[in-house]
Amino acid sequence: MRARDESVLHEILPPEERAIEAVVARYQRVAPAVTRFARSLSGNEELQVRLGTQAASTEETIILDPGVFQTAYARAAPVTPSEVALTSALHEVIHLLATDLEEERPIPKEWHAFKPESDDEEDEGATVPVGLFQLGEMEEDLIRPEVTEDDIDFDGEADASPDAVPLLAALNAIGGPAAEALFLSIEDARQERVNFDAYPGAGSVLKDLYRTSVGHAMGAARPLGQFALACFMIIGGHEERNEIQRRVEPHVALALDDAMAFIDPVLELEDPWSVGTVALQLLSVARMHNLLQEGAASSSPQGMKAEMEADAAAVSQSVDAVRMVTPSLADRESYDRTRSAAQSVSAQDGKKGEAESAGDPATDQLMKVSTAPTVFLPTGQGGKLLVTEFPERFSLFADDGRDMLIKAASDWGVAQHRVSGELYPLFLANQRRGLRSGFDAGDLSPYTPLLLGAGVYDRMFERRDLPSRRSYAVSLLVDGSASMLQPRDSGSRRAPWAMAAALLGAWTLARLADELQIDFEIALFNRSFAASADDTEFSYRERRSRATAGLRQAQGGNAERLTRTVNHYLLKAFHQRWRVAEDALAGLFFTAASPQEAAKRARKEPQLAPPVSMFDKAANVDEFNLAHAAERLASQHASHRIIVVLADGMTRGSVQALAETASDIEHSGTNVLGIGIGDDTVRAAYSRAEVVEQPLDLAAAMVDGVRSSLYRTIAASGADSWWALAGERQLETITN
């Protein structure tokens with residue numbers, strides 16, 4: 001049988017599943033239920049619940065800090081991840097809605113009797129009476145005989161007075177930091193008990209989370225910490241008094257007996273000032289049983305201050321080791337930040353579009369990562385891949401890009417043809433000879449454009465006994481890291497040709513494939529801060545700066561992983577028309593062929609220019625992009641599939657994982673060709689690999705590599721095509 005303190009979460013959740021992006025993704029699955037709960041609790045059907053780096057609550061909006069959820073998954077508890085996701089979210093909603101300590105009042109007269117070492121005559125004899133030192137249960141009126149519950153204002157009517165102060169300041173003035181900490185803990189427990197009673201399922205998950213942490217927390221706590229933690233557990237309904245007393249030291253157990261007279265009525269209280277009175281009463285009980293450190297250090301002001309801070313730390317550390325610490329009840333500074341954030345949100349609610357926005361860039365980035373697909377490799381490894389459309393602003397460079405494409409095609413010997421006019425007379429002639437042609441009989445050889453690109457213009461048709469239903473799809477992956485834009489040897493001079501040559505090859509194949517209706521996709525991959533489809537250079541830099549700063553503050557060392565993501569940009573998706581992507585690809589070619597000029601234009605007009613700084617010098621993880629491209633390619637249901645990967649270096653993930661991924665894709669029926677630009681390590685990962693050193697070689701490698709793959713598919717299918725038989729010698733060379 002499973003022990004209660006055995007961690008189910010630890011067993012079923014690996015570290016990557018406890019990462020903040022996984023926690024946010026799990027929350028999003030229960031977000032609709034959390035929103036309905038918040039609206040029901042608040043009575044506001046228009047209330048919006050969203051995530052943010054700073055928790056806040058207004059009449060119209062609740063912002064939850066996902067970092068609070070993350071800590072819940074580190075607990076040792078016999079609960080499931082889904083239960084924790086829902087319960088922790090409901091927990092935060094309850095506290096953000098129920099916590100309001102802003103009302104100012106004069107310090108109640110009866111509170112002064114709780115102030116230690118009071119010099120006021122009216123307070124003489126008002127400290128805890130000798131009767132409290134009696135063992136066992138105590139009478140309710142013994143703690144302060146001259147003040148009864150009827151004398152305490154539990155209704156909380158605020159009096160207009162210049163001496164009015166906030167509740168936490170009043171508690172600090174009377175009982176010091178320990179009174180503040182004790183109040184926040186019992187108010188936390190009271191809110192949970194009152195609001196979770198209507199939801200016993202979620203309440204039981206909270207109880208399991210807390211109970212499994214109590215043993216360790218009690219063992220590490222000072223007597224005052226044990227007392228505060230026991231009060232928290234009893235008020236919250238997580239432990240019975242008799243059970244919790246077995247876990248504490250004997251004199252703490254006696255203090256709990258005396259404290260029950262003040263703990264029992266807490267659930268009937270609604271005014272936080274009344275709960276403050278109970279906190280002072282409980283602190284007096286602790287003082288009577290010598291649980292505080294008074295007199296242990298020094299009678300000097302510095303010594304007394306240190307003692308008070310030590311007592312407050314004993315309370316907060318013990319209780320915080322068990323409870324889920326909500327920002328609104330963690331401490332005074334955290335409460336103030338929550339209120340300030342609420343005021344900021346309220347100020348924005350009236351602005352058009354602000355209230356509906358996801359929040360700050362850090363939260364936007366966190367949400368983007370959490371919703372990104374998880375790609376799994378044949379090795380069993382999984383990772384997030386941000387799949388997004390390529391920034392459309394690159395189309396602003398389209399005119400210059402087209403001019404440069406024409407020049408580069410001429411310089412590098414890559415022929416650009418429109419094939420429709422050339423093919424029509426051949427269609428007519430072949431129809432007379434009984435051949436089936438593409439546009440009028442659906443049997444034009446799908447690899448015609450590839451052969452045209454290779455310079456073979458006279459073998460466009462297949463003579464078949466039966467009509468062909470063969471279909472093809474091609475996917476091209478281009479390395480989009482900054483190294484692809486760096487100058488390298490190109491004949492007599494150094495020039496940034498790597499990405500430009502890859503894009504020229506993609507442009508050539510795309511145009512031909514589009515005319516002959518071959519499914520085609522072009523994707524760019526890199527690892528950096530992900531650009532959005534509507535980004536400009538200014539918006540990209542602004543988002544990157546603010547998101548990085550916000551995530552560093554909220555997530556610490558995890559910020560690097562959350563901002564330098566593995567990205568997969570779709571330049572031209574299978575479902576898109578080529579004309580939609582043509583301008584963006586032409587503009588990207590201009591950026592690749594002349595990166596310095598593109599950067600100059602971006603600096604001159606950053607609010608209009610495309611985000612040219614998205615090409616970061618970051619380490620690519622090729623295997624995830626390859627696996628995702630293969631999955632997209634397989635969804636086309638083409639009988640013959642080809643992937644071409646162009647990169648100027650090996651993956652910074654795992655070469656073995658990349659090799660296994662490529663091999664697995666090959667076994668699924670997709671041909672994978674790796675082209676290394678000035679780098680021969682592609683041979684270690686791809687069974688079909690080419691290495692090129694010049695732009696002319698790259699264009700030829702792309703066309704010839706794809707043509708070779710097509711030869712293989714024809715040989716494998718055993719098709720009787722006259723042009724394949726004519727190339728039998730080439731075919732035998734390739735297959736053998």
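The following conversation concerns a predicted model of a protein.

Visitor: How many helices and strands does the protein have?
Guide: The predicted model contains 27 helices and 14 strands. Of the 736 residues in the protein, 53% are buried.

Visitor: And what share of the contacts with a separation of 6 or more joins residues 24 or more positions apart?
Guide: Such pairs account for 76% of those contacts.

Visitor: Turning to the core, which residues touch the most other members of the largest nonpolar core?
Guide: They are Tyr27, Phe227 and Leu282, in a core of 160 residues. Helix α5, residues 167–196, supplies the largest share of this core, with 14 residues.

Visitor: What is leucine 282 in contact with, leaving aside neighbours within four places in sequence?
Guide: Leucine 282 contacts Leu182, Ile186, Phe227, Cys231, Ala259, Phe262 and Ile263. Another core, of 23 residues, lies apart from the largest one, and its members include Phe574, Val645, Leu658 and Ala689.

Visitor: How are α2 and α4 arranged, in terms of axes?
Guide: Two packed helices are described by the angle and the distance between their axes. The axes of α2 (residues 20–42) and α4 (residues 81–98) come within 9 Å and cross at roughly 35 degrees. The crossing of α2 past α4 is right-handed.

Visitor: Which residues make that contact?
Guide: From α2 the contact involves Arg26, Tyr27, Val30, Ala33, Val34, Phe37, Ala38, Leu41 and Ser42. From α4 it involves Pro81, Ser82, Ala85, Leu86, Ala89, Leu90, Val93, Ile94 and Leu97. By type, the residues of this contact are 15 nonpolar, 2 polar and 1 charged.

Visitor: Is α4 mostly covered or mostly uncovered?
Guide: Helix α4 is mostly covered, with 13 of its 18 residues buried.

Visitor: What span should α4 have, and what does the model give?
Guide: At 1.5 Å a residue, its 18 residues should span 26 Å.

Visitor: Where is proline 78 found?
Guide: Proline 78 is in the loop between α3 (66–72) and α4. Its relative accessible area is 30%, so proline 78 is partly exposed.

Visitor: Next, threonine 338: where is its place, and is it buried or exposed?
Guide: Threonine 338 sits in helix α12, residues 332–349. It counts as buried because its relative accessibility is 5%, under the 20% limit. Beyond residues up to four places away in sequence, threonine 338 touches Gln54, Ala55, Ala56, Leu96, Pro327 and Ser328.

Visitor: What is phi for asparagine 290?
Guide: Phi of asparagine 290 is near 55 degrees, a positive value in a residue other than glycine. Most residues other than glycine have a negative phi. Asparagine 290 is in the loop between α10 (272–288) and α11, and at 63% relative accessibility it counts as exposed.

Visitor: What about histidine 637 and its phi?
Guide: Histidine 637 has a positive phi of about 60 degrees although it is not a glycine. It is found in the loop between α23 (622–634) and β12 (640–647). With a relative accessible area of 69%, histidine 637 is exposed.

Terms used. Residues numbered from 1 in each chain as written. Predicted model: local features only at pLDDT ≥ 70, side-chain atom pairs only at ≥ 80, totals over all residues. Heavy atoms only, no water. Axes fitted to C-alpha atoms, helices over the stretch in contact; angles between N-to-C directions. Helix = DSSP H or I, 4+ residues; strand = E, 2+ residues; numbered from the N terminus. Left-handed = near helix turned anticlockwise from the far one by under 90°. Contact = heavy atoms within 4.5 Å. Nonpolar A, V, L, I, M, F, W, Y, C, P; charged D, E, K, R; others polar. Core = buried A, V, L, I, M, F, W, Y, C linked by side-chain atoms within 4.5 Å. Buried < 20%, exposed > 50% of the residue type's maximum accessible area, 1.4 Å probe, protein only. Expected span 1.5 Å × (residues − 1).
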